[in-house]
Amino acid sequence: MSTPMRGADLLVQSLADAGTDVIFALSGNQIMPIFDACLTAGIRIVHTRHEAAAVFMAEAYAQVTGKIGVALVTAGGGLANTAGALFSASESETPVLLLSGDSPVGQDGRGAFQEMDQTAITAPLTRLSLRPMSVDRLEADLGRALTAATADRPGPVHMALPVDILTADAQPVGASSGVAPHKMAEDTLARITSAISKADRPLIVLGPALNDTRAPGLAQALRNAVDAPVVAMESPRGLNDPSLGGLREVFGASDLIVVIGKRVDFTLGFGTGDAQWICIQPDAPELDRARRNLGDRLVLSAQADAYGMAQALIGAPVALPKRQAWCDSALQKLSTEPAAPATDAAGKITSAGLCAAVQEALSNHPDSIAICDGGEFGQWAQALLRAGRRIINGPSGAIGAGIAYGIGARAARPDARIVALMGDGTAGFHLPEFETAAREDLPFVAVIGNDRRWNAEHQIQLRDYGQDRLTGCDLSGARYDLAAAGLGAHGEYVTRLEDLVPALERAFASGKPACVNVEITGLPAPAAH
């Protein structure tokens with residue numbers, strides 16, 4: 001006699017059929033049927049220590065694999081704890097499916113345990129937020145959610161799952177079909193290519209979903225096809241992103257700026273300047289934003305899938321003028337890196353010196369992933385590290401995800417050399433996840449640039465208020481390496497530059513999650529050129 005199928009079984013089997021093989025989760029009352037169903041379906045559960053960490057892990061997993069990352073949390077405070085991470089995934093345009101337990105539909109309005117309007121909380125942070133009201137809706141609503149996570153502008157989606165829906169008897173009925181991406185009018189591509197071919201100094205700007213990690217080779221292929229510099233922007237520092245060198249200068253010198261999936265917002269100075277613009281966006285609200293910011297300098301706009309548009313430009317015949325001098329000049333400016341000594345006058349390791357040592361540890365490993373969190377030290381890491389793949393804290397500007405990103409990246413790439421760089425402030429957000437990494441056998445190396453302060457805010461106070469108005473930003477000389485070791489990781493503590501590379505190699509060789517705690521001098525983030 002076969003075991004009856006529950007809503008939880010139907011949901012999990014549908015996820016497996018869609019390609020899900022791992023779920024990042026934190027357990028709770030209402031989602032135990034899903035845990036049980038994952039055993040039958042063979043889906044791995046990576047059991048975390050905080051709900052936000054589960055979403056961050058799913059975000060990193062999605063960016064590395066190109067699949068939808070799945071996070072699973074319980075109701076009430078569990079769901080509420082995910083808000084900051086959802087915002088990060090939304091701004092980085094990463095497809096994440098957040099599943100949350102929920103109080104029973106049959107007890108709606110009666111004051112059930114952890115009854116709350118979950119979709120009202122998550123709707124502003126997601127591409128779609130829904131709550132199936134019957135088990136018969138489960139497959140169709142999951143299909144809608146998976147489509148919304150990847151259609152148009154990718155991003156997180158949320159399904160609140162009432163526990164009585166998960167335990168109800170279920171029968172497969174088939175998921176809803178996806179929607180086709182928006183297609184442009186037939187003459188639009190020709191108009192865009194004509195405008196690019198006539199420009200003297202065009203610049204192509206891609207959104208974060210089209211960066212080299214998530215769309216490998218796309219920017220280079222587009223650059224070759226249209227004979228114009230191409231950049232993918234994913235930092236909240238925008239035109240001041242030190243990893244893009246002299247982007248502001250290139251931006252100011254361009255006579256035509258073509259944005260493909262990149263929002264025209266604060267990161268682009270709200271479109272300031274004299275250049276003409278072409279804007280291709282997958283969603284109408286972003287076209288409206290571009291019109292508000294650009295006015296009559298927006299000479300052409302189109303609603304279309306960003307990746308598809310980039311591919312169309314690569315394949316379109318373009319009459320290319322001779323722009324070699326412009327391209328060479330722009331590339332030289334964009335590739336300019338900040339320079340600084342490896343140690344300060346007192347012999348203390350600088351951010352640049354630390355990053356150079358990490359780069360040496362990555363240099364002979366083409367299958368490498370560099371994770372760079374935010375803050376002053378994180379900006380140095382973003383500007384100086386080169387790896388096969390990169391994950392940063394993204395346009396949200398939020399910090400604290402580095403350790404969770406490391407775990408998600410390891411689940412995605414079991415054989416890669418993975419390093420996550422973060423400041424000591426950042427490290428404190430999710431330090432207990434070292435226990436998750438050790439327990440789940442998901443090793444990576446976390447490198448903490450420890451300047452004993454919240455340095456970004458310290459630098460703001462120093463600049464805006466003066467030396468005698470510094471307050472509330474100091475941190476202690478806490479031994480994060482020892483704390484990580486107590487959670488099952490390998491720990492290293494480094495105060496001298498000559499000890500750094502050997503410590504990094506020991507950390508990688510340990511086969512464990514590792515924490516390399518490096519005392520550095522606290523310097524401002526590098527300035528863009």
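1. Two strands pair if DSSP finds at least two bridges between them. Strands (E, at least two residues) and helices (H or I, at least four residues) are DSSP runs, numbered from the N terminus. On that basis, Ser100 stands opposite Ala160 in β6. Strand β4 (residues 96-102) pairs with β6 in the parallel sense, over six bridges.

2. The model is predicted: local features need pLDDT of at least 70, side-chain atom pairs count only at pLDDT 80 or more, and totals for chains, interfaces and linings use all residues. Residues are numbered from 1 along each chain as its sequence is written, and side-chain values use heavy atoms, with hydrogens and water left out.

3. Strand β6 also pairs with β5 (residues 128-130); the two run parallel and are joined by three bridges. Here Ser129 has His158 of β6 as its bridge partner. Together with helix α7 (residues 138-150), β5 and β6 make a right-handed β-α-β unit; right-handed means that, with the strands pointing away from the viewer, the path from the first strand over the helix to the second runs clockwise.

4. How many of the six residues of strand β6 (residues 157-162) are buried? Six of the six are, so the strand is largely enclosed by the rest of the structure. Buried means under 20% relative accessible area, exposed over 50%, and partly exposed in between (1.4 Å probe, protein chains only). Val157, Met159 and Leu161 cover one side of β6, and His158, Ala160 and Pro162 the other.

5. Val70, in strand β3 (residues 69-73), is buried at a relative accessible area of 2%. Its contacts (heavy atoms within 4.5 Å) include Val22, Phe24, Leu97 and Leu99, not counting residues up to four places away in sequence. Val70 and Val157 are 87 residues apart in sequence, with 9.8 Å between their C-alpha atoms.

6. Helix α2 (residues 32-41) has Pro33, Ile34, Phe35, Ala37 and Cys38 buried. Among the elements covering these residues are β3, β6 and α8 (163-167). After α2 comes Gly42, with a positive phi near 75°.

7. Asp424, in helix α18 (residues 424-427), deserves a look. Asp424 is buried yet has no salt bridge, and the nearest side chain of opposite charge, Arg452, is 7.0 Å away. (A salt bridge is a side-chain nitrogen of Lys or Arg within 4 Å of a carboxyl oxygen of Asp or Glu; Lys and Arg count as positive, Asp and Glu as negative, and His and the chain ends are not counted.) The Asp424 side chain does reach backbone nitrogens: that of Arg452 at 3.0 Å and that of Arg453 at 3.3 Å. Beyond four places in sequence, the contacts of Asp424 also include Ile448, Leu475 and Tyr480.

8. The structure holds 30 salt bridges. In one of them, Glu435 and Arg49 have their closest N and O atoms 3.0 Å apart. Glu435 lies in helix α19 (residues 433-439) and Arg49 in the loop between β2 and α3 (51-65), so the pair ties together parts that are 386 residues apart in sequence. Arg49 is partly exposed, at 46% relative accessibility. A network of salt bridges links Arg44, Arg49, Glu435, Arg439 and Glu440.

9. Two further salt bridges can be checked. Asp141 and Arg137 have their closest N and O atoms 2.7 Å apart; Asp141 is buried at 5% relative accessible area, whereas Arg137 is partly exposed at 36%. For Arg463 and Asp464 the closest N and O atoms are 2.9 Å apart. Arg463 is exposed at 62%, and Asp464 is partly exposed at 43%.

Key: Polar contact = N/O pair within 3.5 Å; in protein donor to acceptor, adjacent residues only side chain to side chain.
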